[in-house]
Amino acid sequence: MADQIHHDESLNPHARGYQEDRIHVGPIAMFTVGLTVVVVIVFIAIAFLTERFNQAQERLDQKRSALFALEDDDLYPGPRLQEKPSRDMEIMRREVNERLDSYGWVDRDSGVAHIPIDRALSIIAEQGLPTRSSDPGGTSE
């Protein structure tokens, strides 16, 4: 009976007032070594597969038909629609401003000309906008 009481106290750490050291270093070390071996094997397998895939790709590139050789960018360059949009916008604005600030002909044969926009605004301010006559016949000035 006394042996059994003593045996129960050894299984219950709270009965003794302290917890005995139950960490077993051997299995942890074996797990660590096993994990390291598995990681090394996976790295070697990945390196091997990568090399095989590269070799397979090189073989496929060599077997490509001559049609794929036409994909050479130097031979057929892609469209160059607008290489520098900001520069093109600046040129366009400069041309528009030059036209708006200058005199010139729109259609010389019909006598239509353009004048600077500031001058056009001052003429309209002095003379007013052209108006239509109130005549129902529809003749305009």
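Read along the sequence, the chain of this predicted model follows the pattern α-α-α-α-β-β-α, with 5 helices and 2 strands. Helices (H or I, at least four residues) and strands (E, at least two) are DSSP runs, numbered from the N terminus. Residues are numbered from 1 along each chain as its sequence is written. Because the model is predicted, local features need pLDDT of at least 70 and side-chain atom pairs count only at pLDDT 80 or more, while totals for chains, interfaces and linings use all residues; side-chain values use heavy atoms, without hydrogens and water.

Of the 141 residues in the chain, 2% are buried. Buried means under 20% relative accessible area, exposed over 50%, and partly exposed in between (1.4 Å probe, protein chains only). The accessible surface of the chain, about 13,500 Å², was computed by the Shrake-Rupley method with a 1.4 Å probe. Carbon and sulfur atoms account for 59% of this surface.

The structure holds 1 salt bridge, defined as a side-chain nitrogen of Lys or Arg within 4 Å of a carboxyl oxygen of Asp or Glu. The bridge joins the side chains of arginine 87 and aspartate 88 (3.4 Å, N to O). Arginine 87 is partly exposed, at 44% relative accessible area, and aspartate 88 is also partly exposed, at 24%.

A negative surface patch is formed by Glu95, Glu98, Asp101 and Asp118. Patches are made of residues with over 30% relative accessible area and no salt bridge, with like charges joined within 9 Å and nonpolar side chains (Val, Leu, Ile, Met, Phe, Trp, Tyr) within 5 Å. Asp and Glu count as negative, Lys and Arg as positive, and His and the chain ends are not counted. The place of a charge is taken as NZ of Lys, CZ of Arg, CG of Asp or CD of Glu. Aspartate 118 lies in helix H5 (residues 117–127) and is exposed, with a relative accessible area of 57%.
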